[in-house]
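Reader: Hello! Could you show me how to read a helix and a pair of chains in a model?
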Protein chains: 2
Amino acid sequence: MKTMSDSQQVPVVAIILAAGFGMRFDPSDPKQLVSIAGKPVIEWSIEAFVDSPRITDVLLVVNPKVYAAVERIVDDMGADKVRGLIPGGETRADSTRAALGFLAQMGIPGDAKILIHDGVRPFVTPRIIQDCDDALNASNAATVAVPSTDTILIAAPQDGAGAGSAPVVHAVPERSTTWRAQTPQCFRFDTIRSAYERAASDENFHPTDDTRVVVDYLPGEKVTVVQGSDDNIKITTRADVDVAELIAPRARRVRTVARMRAARGGE
Amino acid sequence: MKTMSDSQQVPVVAIILAAGFGMRFDPSDPKQLVSIAGKPVIEWSIEAFVDSPRITDVLLVVNPKVYAAVERIVDDMGADKVRGLIPGGETRADSTRAALGFLAQMGIPGDAKILIHDGVRPFVTPRIIQDCDDALNASNAATVAVPSTDTILIAAPQDGAGAGSAPVVHAVPERSTTWRAQTPQCFRFDTIRSAYERAASDENFHPTDDTRVVVDYLPGEKVTVVQGSDDNIKITTRADVDVAELIAPRARRVRTVARMRAARGGE
């Protein structure tokens with residue numbers, strides 16, 4: 001394993017989370033390894049960050065069951081920026097913590113930029129990664145999101161109602177204020193570490209989202225929104241794989257153009 | 001035009017809104033009329049309600065630009081339950097108000113069940129329509145929704161920040177409480193009418209969603225959630241049309257089975 005990039009700029013580290021097993025997916029055929037247009041989902045995700053001139057280092061958080069397969073993919077890619085594969089924890093938050101602990105051990109500076117990405121979002125674009133890097137020059141936390149085209153309801157089971165009873169709507173936020181979070185979610189290293197440290201002392205907190213840890217535990221910290229993309233989908237169900245096959249040719253074209261531009265020294 | 005069904009049961013009226021022109025769609029090729037698996041979007045929607053044994057009457061709210069085309073579709077379908085095509089208003093709320101006014105003029109009873117559906121959600125299922133009808137026996141308002149698999153962010157432009165500046169995240173609701181609203185949205189006639197009457201006196205209120213009118217203006221009224229379906233998508237962009245083509249064969253099978261079951265007198 002190599003040490004972190006020691007160039008003059010601060011490190012810009014992509015943490016790719018590939019530790020989960022979607023409950024709605026066949027466990028014997030993990031969604032990270034499902035092939036989209038001939039390429040495993042996780043390879044699409046790794047490629048996006050390895051290709052980006054903005055990213056200096058990539059760290060993979062991997063489920064033990066897919067470790068060997070992902071290691072082989074990385075070897076075949078010849079992806080020098082990938083600094084390591086570490087085992088994930090039981091929950092998403094455990095996996096993020098494991099990655100942050102690893103980076104601390106590697107001696108990463110506190111102002112390093114950290115982009116945490118779902119390994120099952122294969123089509124993150126070069127433009128999104130650039131915008132994430134830029135956003136962390138203006139605030140210590142940022143997250144990729146798209147405006148919700150659906151109205152969002154806040155609903156919960158009625159107090160005292162039996163299990164299985166219909167949830168009741170409590171609020172309908174103004175649609176123009178509702179966004180669907182995607183990834184990467186982006187932080188200066190010190191910011192996300194101290195948010196997780198504060199959250200650790202609250203045993204009732206089980207975050208499903210890294211941005212929420214900052215919003216809830218560092219309320220003074222401004223979290224900006226980076227415009228995502230409708231193509232930046234999460235592969236959760238079999239139906240998503242069919243949709244991904246529709247997006248793949250477009251994603252391939254976008255990446256080819258970005259690579260040609262980078263080869264000419266531009267972005 | 002026929003009068004409303006005068007059977008013993010209360011009328012169960014589907015209002016199908018087909019008055020909008022998606023701004024992200026080609027105005028010369030309205031999304032209501034785009035063909036999915038050889039059938040216009042609006043015909044898929046009308047068929048779902050006409051086929052349902054639960055629905056007694058269907059009312060279409062139609063943009064003048066597509067009026068003739070939709071009328072021809074209805075004629076060709078031989079859809080006797082369709083009681084009328086009325087022109088829509090400028091906004092979604094205007095269209096809903098126009099439909100409610102029409103129903104009042106027709107002398108519909110206050111306890112009639114009203115299912116308001118987006119005409120561009122072609123794949124509403126027989127099961128969803130049944131569940132909507134049933135839900136209105138337990139509460140005066142209900143809405144179809146699916147749990148959000150994405151984390152939802154509440155974000156808005158920063159106070160005092162210039163136009164075009166990035167929105168800032170204000171809150172991240174617990175994911176298990178966030179739902180993506182679909183349609184139908186369902187109400188007893190008296191309930192939705194009085195909600196709209198109260199909303200009318202608030203000139204700052206521009207609802208994009210009928211459920212919100214009830215939640216905000218009749219806070220004592222319980223609004224329950226009816227489980228939707230991932231197939232019950234809204235056609236908003238060209239990419240949605242490609243996804244719809246993937247869903248269409250499944251939707252066709254589901255409807256065929258429901259028709260056979262209805263022919264045998266069951267559901």
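Author: Gladly! A residue is buried if 20 or more other C-beta atoms, placed from the backbone, lie within 10 Å of its own, exposed if 12 or fewer, and partly exposed in between. Helices (H or I, at least four residues) and strands (E, at least two) are DSSP runs, numbered from the N terminus. This is a predicted model: local features need pLDDT of at least 70, side-chain atom pairs count only at pLDDT 80 or more, and totals for chains, interfaces and linings use all residues. Residues are numbered from 1 along each chain as its sequence is written, while chains are lettered from A and ligands numbered from 1 in the order in which they are written.

Reader: Which residues of helix H2 of chain B are buried?

Author: In general, an α-helix has 3.6 residues a turn, so residues three or four places apart point the same way. In H2(B), residues 67-77, the buried ones are Val70(B), Ile73(B) and Val74(B). They line one face of the helix, because they fall within an arc of 95 degrees seen down its axis; the arc is that of the directions from the helix axis to the C-beta atoms. On the other side, Ala68(B), Arg72(B), Asp75(B) and Asp76(B) are exposed.

Reader: Is Arg212(B) buried or exposed?

Author: Arg212(B), found in helix H6 of chain B, counts as buried because it has 26 C-beta neighbours inside 10 Å.
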